[in-house]
Amino acid sequence: MTKHRASVKDILRVLFVYDEGTRINLFDSFPWLASFFRKRIYFALLRSFSDVVFTILIFWGLFGPQDRYNPVLFISWGIWWTSIVLSWFFVGRMWCAFCPFPGIGRILQHFSLSLKKRPPRLLDRYCTYIATLFFAFIIWAEAVFHLKYSPLGTSLLLLSILTGATFFALIYKGQAWCRYFCPMGKIIGSAATMSLLEFRPDLEKCRGCKTFACKRGKDALHGCPVYLGAFNVRNNLLCLDCGHCLILCENNSPAFYLRHPLRELIINKGRHLTCTYIIPFLMASQLSRFVQEKCSCYQTWKAYFGHSEALTFSLVLGAWFVFFMLLIRLGTRLFNFWEDELFGRFSPMVPVMVPLAFTGELIYRLEYFLRHLGEFLNYFGLGRVNISPLGLKILSLLLLLCGFAGSIYVAYIFYAKEFKGAVSFKNFLAILVLIIMVEALYLYYS
Ligand code: SF4
Ligand code: SF4
Ligand code: SF4
């Protein structure tokens, strides 16, 4: 662990040369960052701002004009969701630190209007499936009901997440919704596995800790809202990056680290159930959405199925999902490694696919943003901006190349370092062929 102020050279080395042990403690290098996280007033202000924005959005969508020009659509799908997708790559799950959805629940708990029960252990076992199903439903509904063009549908979606977060806050202490059920939290957590930042404890400092205040709380301060505590954070899947435990820990253990963006993917090797289903589903949904919006054959199929959007889209989505599940299974077999005594079961083809999956999502969202930016500015009399289709194509191509490079890099590190000697060159070439095939599908359909 680096304890001095990092130089530009150190930063570049961490970002571009994979080395499992190398990362930079940003609190050592930029002490103002630690102060920002310790002064909770900044977080309270940012959360209040997002509370106000989302309240306006929900009312505007419910009671404003029900046409595709209602700015709620562009602000929700174009600005907000695209910014979150972009933020995955840089700050991981930090959106959750400012998210407005747990706000009402927090107020109710503050005034003791909550049963404040402890969430049962069985939630840990089954919540991943439930949250993944919620997430699948949102993506499905977005495509089938054309939510991106429905102010009412968009507001109802935001309201349903707000209702879920509030309902669970009435029963359980902390943010049970965020830990167990939130579909957005699951996708953000999965994407955060390839972010440049990680929030981690210094386990040397935690040794001998008697209070575990980061998890349990201290005096009038509540503990970790998602029942983790800094000492338990091993990956970016669950921690909200809220920094609340900084003010609880007396040993200065938690800190933010800059790391190689593929570090966590390589170390974890697809061990977590969340990614096992979310990644193939996300990739399937992207190709289905591209097919729905860009392929003329989709309209032919739709006519064949009695013009049912729900049936046609579900069949296309189901077919792509089976395709990606099989591809990931095949890739994992080619790695020859999917279980060991120390690590349990894992699926190395999942982390290989992650860079492509999340750049695919970024392309889809950026396209929407750039296509509708002109309309949005025009609505407020701010002039027109037209992005040429060629410009969009070039941007998509560049992003896809970044995702492709990331996937190849992870596969290479597995072949040459992590599973050294266990994967034949022939198998490695076959894995590369699978990656190229997926890249070609994205290039063709996007
Ligand atoms: S898990 Fe969901 S509701 Fe909770 S903070 Fe994150 S996005 Fe918001
Ligand atoms: S992070 Fe701090 S409070 Fe939590 S276990 Fe470590 S030393 Fe204790
Ligand atoms: S471990 Fe710390 S930063 Fe992570 S969610 Fe809990 S309190 Fe927030």
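A: The model is a predicted one, and the domain assignment divides the protein into domain 1, made of residues 40-89 together with 98-195, and domain 2, which covers 265-445. The contact draws on 35 residues from domain 1 and 34 residues from domain 2, while the centres of the two domains, taken over C-alpha atoms, lie 24 Å apart. Between them, domain 1 and domain 2 bury about 3,200 Å², and 76% of this area falls on carbon and sulfur atoms.

Turning to the polar side of the contact, three salt bridges are counted between domain 1 and domain 2, and there are also eight residue pairs in polar contact, with both residues at pLDDT 80 or more. A salt bridge joins E375 and R68, whose closest N and O atoms are 2.6 Å apart.

On the side of domain 1 that touches domain 2, at least two residues each come from α5 (71-91), α8 (122-144) and α11 (183-191). Of the elements on this side, α5 gives the most, with 13 residues. By residue class, the side of domain 1 that touches domain 2 consists of 24 nonpolar, seven polar and four charged residues. To bring the two views together, 76% of the area buried between the domains is on carbon and sulfur atoms, and the domain 1 side includes 24 nonpolar residues, with three salt bridges counted between domain 1 and domain 2.

Conventions. Residues are numbered from 1 along each chain as its sequence is written. Chains are lettered from A and ligands numbered from 1 in the order in which they are written. This is a predicted model: local features need pLDDT of at least 70, side-chain atom pairs count only at pLDDT 80 or more; totals for chains, interfaces and linings use all residues. Side-chain values use heavy atoms; hydrogens and water are left out. Domain bounds come from an automatic or database domain assignment. Contact means heavy atoms within 4.5 Å. Buried area is the accessible area (1.4 Å probe) that two parts lose on being put together, summed over both. A salt bridge is a side-chain nitrogen of Lys or Arg within 4 Å of a carboxyl oxygen of Asp or Glu. A polar contact is a pair of N or O atoms within 3.5 Å; within protein, one must be able to donate a hydrogen and the other to accept it, and residues adjacent in sequence count only if both atoms are side-chain atoms. Helices (H or I, at least four residues) and strands (E, at least two) are DSSP runs, numbered from the N terminus. Ala, Val, Leu, Ile, Met, Phe, Trp, Tyr, Cys and Pro count as nonpolar, Asp, Glu, Lys and Arg as charged, and the others, Gly among them, as polar.
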